[in-house]
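Student: Hey, I've just opened this one and I'm a bit lost. Could you walk me through it?
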Amino acid sequence: MEWKRYVSAIDPQAQFDQIVMPHLDEAYNLARWLAGNDHDAEDIVQDACVRAFRFLGGFRGGNSRAWLLAIVRNTAFTWLKKNRPPAVVPIDAAALEEIEDPAEPAAATPNVDAAVLRAALEALPPEFREALVLRELEGLSYKEIAEIADTPIGTVMSRLARARRLLQTYLSRKGNAPK
Amino acid sequence: MNCAETHPLLHAYTDGELDLVRSLEVEQHLRGCAACESQKASLQSLGSLLRNSDLAYRAPDSLRKKVRQIAPAPERGTRSRADNVSPLWKWLAIGATAFAVFTLVLRTPGNSDNSRLLDDAVAGHVRSLMAGHLMDVASTDQHTVKPWFNGKLDFAPDVKDFAAQDFPLVGGRLDYLDHRAVAALVYRRNKHFINVFVWPASSPNEPQPADKNLRGYWVINRQVNGLQYCLVSDLNEKELGELADLLGK
């Protein structure tokens with residue numbers, strides 16, 4: 001019957017399957033990079049998905065990936081504030097000035113193995129790490145990242161620039177160190 | 001463009017987030033500046049290192065199972081029909097969209113529509129020139145402009161280079177105008193960029209609005225072989241008219 005079909009079309013489970021489930025890998029990747037370990041990342045994703053289910057009615061179409069990742073992101077930062085206070089100390093603008101100096105030539109990226117790279121990425125402040133992970137590992141656009149982090153596109157650009165500069169500095173130090 | 005102007009754009013440039021005009025300007029600077037070129041190369045190698053080091057984590061199956069249970073199955077066994085239903089919704093959505101498009105296309109544009117269209121065209125032109133505006137797509141190779149539109153539009157724009165007449169074609173991109181996706185061809189006369197928006201005319205032989213100057217930009221409309229052309233530039237009316245004549249040939 002058409003009526004029954006209509007009822008099941010707004011079936012929340014079907015909606016959840018279409019809006020949330022397809023982006024679970026990206027959700028986990030973001031949470032894992034922000035939390036720093038498997039166990040907490042799983043908790044964050046589960047918590048975020050419970051919220052996503054509750055907010056399904058608020059999803060007004062559009063980019064379901066960015067919508068879900070924004071929820072994951074908020075859940076993760078709330079978790080970080082509670083469990084990793086030092087991780088969310090506001091970024092020290094003064095400390096970043098030298099990194100931002102446009103006159104300073106960028107260090108060439110040496111050949112490093114994945115473990116060194118992973119450690120370098122983990123050492124970044126969470127906002128910077130998040131921007132790089134979404135951009136380089138997930139291939140998201142500036143617009144999507146801005147939506148997820150609830151910040152202007154200009155901020156996304158400057159976070160990415162600073163994150164890369166920090167990473168290059170870290171890696172070039174590692175690259176010069178004797179192995 | 002000098003180093004100080006190029007520097008803040010390098011990230012957006014390597015990320016493919018810069019609009020066509022800006023990326024051409026950056027490219028031009030990079031060709032003549034070894035320092036900026038090496039910065040760009042360094043950014044690119046960092047990017048490929050990050051992308052190719054297998055750094056992304058994927059959701060474990062155990063998590064997938066747990067998350068899957070968050071949404072309770074609907075009551076009274078209607079669940080199994082969910083799969084049958086989504087096409088119905090899809091058709092409803094397609095129908096509604098088609099209806100909306102249909103009404104928009106059928107509507108004869110009056111004067112207010114024309115001025116809104118001209119306004120939109122100027123806004124599109126200005127947007128494409130702003131450094132902060134980030135485009136989805138940009139092609140900088142003029143020899144790939146025409147095939148590049150394939151599959152992105154429901155019509156094939158006529159793409160010609162007028163370098164011999166001093167209007168070199170510098171590229172193309174997708175834009176949105178008059179409620180539809182349109183081709184935007186970018187030409188240059190000296191230092192002036194010209195956006196030529198192209199889309200199928202809604203009604204043939206429609207009277208064209210007179211050339212108009214809006215906020216310092218000239219807008220010229222022409223209809224050629226069933227295609228609507230809208231030229232926008234800060235170039236003067238006479239020279240812009242020359243390009244319009246070339247396109248009309």
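Student: Let's start in the sheet. In which sense do β4(B) and strand β5 of chain B pair, and over how many bridges?
Tutor: Keep in mind that this is a predicted model. β4(B) pairs with β5(B), residues 217–224, in the antiparallel sense, and the pairing runs over 3 bridges.

Student: Which residue stands opposite Y217(B) there?
Tutor: That's L214(B).

Student: OK, zooming out. What is the strand order in the sheet of chain B?
Tutor: The order is β1-β2-β3-β6-β5-β4, an open sheet of 6 strands with antiparallel pairing. At the edges stand β1(B), residues 169–177, and β4(B), residues 212–214. Each of those two has a single partner strand, so one side of each has no neighbour in the sheet. From one strand to the next, the twist averages 25 degrees.

Student: And what holds paired strands together in general?
Tutor: Strands of a sheet pair through backbone hydrogen bonds, in either a parallel or an antiparallel arrangement.

Student: Let me click on β3(B). How many of its residues are buried?
Tutor: 7 of the 9 residues of β3(B) are buried, so the strand is largely enclosed by the rest of the structure. On one side, β3(B) pairs with β2(B) in the antiparallel sense over 7 bridges. There, I194(B) in β3(B) is the bridge partner of Y187(B). β3(B) also runs antiparallel to β6(B), joined by 7 bridges, and V198(B) stands opposite Y229(B) of β6(B).

Student: How many residues sit between the strands in the hairpin of β2(B) and β3(B)?
Tutor: There are 2 residues between the strands, and in this hairpin N190(B) takes a positive phi near 50 degrees.

Student: I see helices lying against the sheet too. Which strands does α3(B) lie across?
Tutor: α3(B) lies across β1, β2 and β3 of chain B, and runs at about 155 degrees to β1(B). Another helix, α9(B), covers residues 237–248 and packs on the sheet as well, touching β2, β3, β5 and β6 of chain B. The direction of α9(B) makes about 20 degrees with that of β5(B).

Student: What about the length of α3(B)?
Tutor: α3(B) has 13 residues, 20–32, and reaches 19 Å from its first C-alpha to its last, close to the expected 18 Å. Its buried residues are L20(B), V21(B), R22(B), S23(B), V26(B), H29(B) and L30(B).

Student: Which residues touch the most other members of the largest nonpolar core?
Tutor: Those are A27(A), L30(A), A31(A), V45(A), V72(A) and I145(A), in a core of 60 residues. Leaving out residues up to four places away in sequence, I145(A) touches A131(A), L134(A), R135(A), L140(A) and V156(A). There's also a second, separate core of 35 residues, including V21(B), V145(B), A183(B) and C230(B).

Student: Last one: is Q15(A) buried or partly exposed?
Tutor: Q15(A) counts as partly exposed, because it has 18 C-beta neighbours inside 10 Å, and a residue needs 20 or more to be buried. You'll find Q15(A) in helix α2 of chain A, residues 12–19. The C-alpha atoms of Q15(A) and L56(A) are separated by 7.7 Å, though the two residues are 41 residues apart along the chain.

How values were computed. Residues numbered from 1 in each chain as written. Chains lettered and ligands numbered in written order. Predicted model: local features only at pLDDT ≥ 70, side-chain atom pairs only at ≥ 80, totals over all residues. Core = buried A, V, L, I, M, F, W, Y, C linked by C-beta atoms within 7 Å. Buried ≥ 20, exposed ≤ 12 C-beta atoms within 10 Å, placed from the backbone. Contact = placed C-beta atoms within 7 Å. Helix = DSSP H or I, 4+ residues; strand = E, 2+ residues; numbered from the N terminus. Expected span 1.5 Å × (residues − 1). Pairing = 2+ DSSP bridges. Axes fitted to C-alpha atoms, helices over the stretch in contact; angles between N-to-C directions.
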